Amino acid sequence: SIVRRSSTAGASYVSRRGFASGSAPERKVAVLGAAGGIGQPLSLPMKLNPLVSSLSLYDIAGTPGVAADVSHINTRSEVVGFAGEEQLGKALEGADIVIIPAGVPRKPGMTRDDLFNINAGIVKSLCTAIAKYCPNALVNMISNPVNSTVPIAAEVFKKAGTYDEKKLFGVTMLDVVRAKTFYAGKAKVNVAEVNLPVVGGHAGITILPLFSQATPKANLSNEEIVALTKRTQDGGTEVVEAKAGKGSATLSMAYAGAIFADACLKGLNGVPDVVECAFVQSNVTELPFFASKVRLGKNGVEEVLGLGPLNEYEKQGLEALKPELLSSIEKGIKFAKEN
Ligand code: NAD
Ligand code: LMR
């Protein structure tokens, strides 16, 4: 018989890995920053995901309430809220995937790099704990600037001796989600059928949507493609300005984060041909980290896929983004080495 239990007692987490749950293997997902603008709506689809058996919600404060709330949903996973640094270890222990939307968001007029000074330290301390408590977990990094926080995480894991490049992902799924939406609107095709890669990084011009590879095909003019590219690159800023000081994308990010985590879970469970874009350690260009299509498997990244054919406009975009992306990567590495 299936026993479903939920607990919201932060300090009294009891592992119940043995409970019956149908055919899907037991998987623990931890969300760090779970009481935040992204963390809360992301906790909802993670609670709804039947591949999750244990959902661990961590933040510096506020998680008992979020956990109590989502734990009442009658789906498979048990939910536990953990608040405060002394509970971080328990939150992480046994995690298969750690999703990190912890840190400050932008206000109008800021770049993602303006978040570096605060978020670099947050990411570094969270990754230090991951190396200690769940060194084999897949890490889905959402905290900005992603172009720098992913290299910081890599350095922290290297220092701890736990780095596995197959297990570290910068979440760029929201760029793909946006590019699909904007393309479908302009091309007048069914948005549910649209597919296209977005490569590079996750800030401004480092975000490079490859509309030449979009399917279903459409006959868009060069001007339309340039406008779509720019709108995708500025999608985050569009939301930051519309929210007028109240933060950045949270709901669309929660959706994007949930589908990326679901893809990681499917990969871990051995589902074949799970391919999504993510910012990973890469040989696709001369840059050490780069977003491109990635095949997900039982160990995380199974294969980093190439860029495919680029048109002239995309080739120019690729060359133009490299200096900024490299400098953001190097900034992250330098921070992690010096702190
Ligand atoms: P938010 O301020 O609403 O929430 C952030 C949460 O992080 C808060 O609950 C806060 O308490 C928590 N936090 C702070 N320090 C922490 C720590 N040391 N440990 C655990 N939790 C901690 O912000 P948000 O809107 O949820 O955005 C979070 C981050 O995600 C920002 O850096 C933002 O720029 C980024 N973001 C990334 C993408 C992307 O596409 N990758 C999209 C949107 C936002
Ligand atoms: C986004 O793309 O929405 C996020 O990176 C948040 C931001 O600051 O734009």
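**Two ligands in a predicted model**

An oxygen atom of ligand 1 lies 3.1 Å from an N or O atom in the side chain of N119. That is a polar contact, meaning a pair of N or O atoms within 3.5 Å; within protein, one must be able to donate a hydrogen and the other to accept it, and residues adjacent in sequence count only if both atoms are side-chain atoms.

Before I go on, some ground rules. This is a predicted model, where local features need pLDDT of at least 70, side-chain atom pairs count only at pLDDT 80 or more, and totals for chains, interfaces and linings use all residues. Residues are numbered from 1 along each chain as its sequence is written, chains are lettered from A and ligands numbered from 1 in the order in which they are written, and side-chain values use heavy atoms, with hydrogens and water left out.

Back to ligand 1. The side chain of H202 also has an N or O atom 3.1 Å from an oxygen atom of ligand 1. With V171 the backbone takes part: one of its N or O atoms is 3.3 Å from a nitrogen atom of ligand 1. On its own, ligand 1 has 870 Å² of accessible area, and the protein covers 85% of that. Such areas come from the Shrake-Rupley method with a 1.4 Å probe; for residues, only the protein chains shown count as cover.

Which residues come nearest to ligand 1? They are G37, I38, D59, V104 and N144, out of 28 around it. To be counted as near, a residue needs a heavy atom within 4 Å. By class, this shell has 17 nonpolar, 10 polar and 1 charged residues. Here Ala, Val, Leu, Ile, Met, Phe, Trp, Tyr, Cys and Pro count as nonpolar, Asp, Glu, Lys and Arg as charged, and the others, Gly among them, as polar.

Now ligand 2. Around it are R106, R112, N144, L174, R178, H202, G236, S248 and A249. This shell divides into 2 nonpolar, 4 polar and 3 charged residues.
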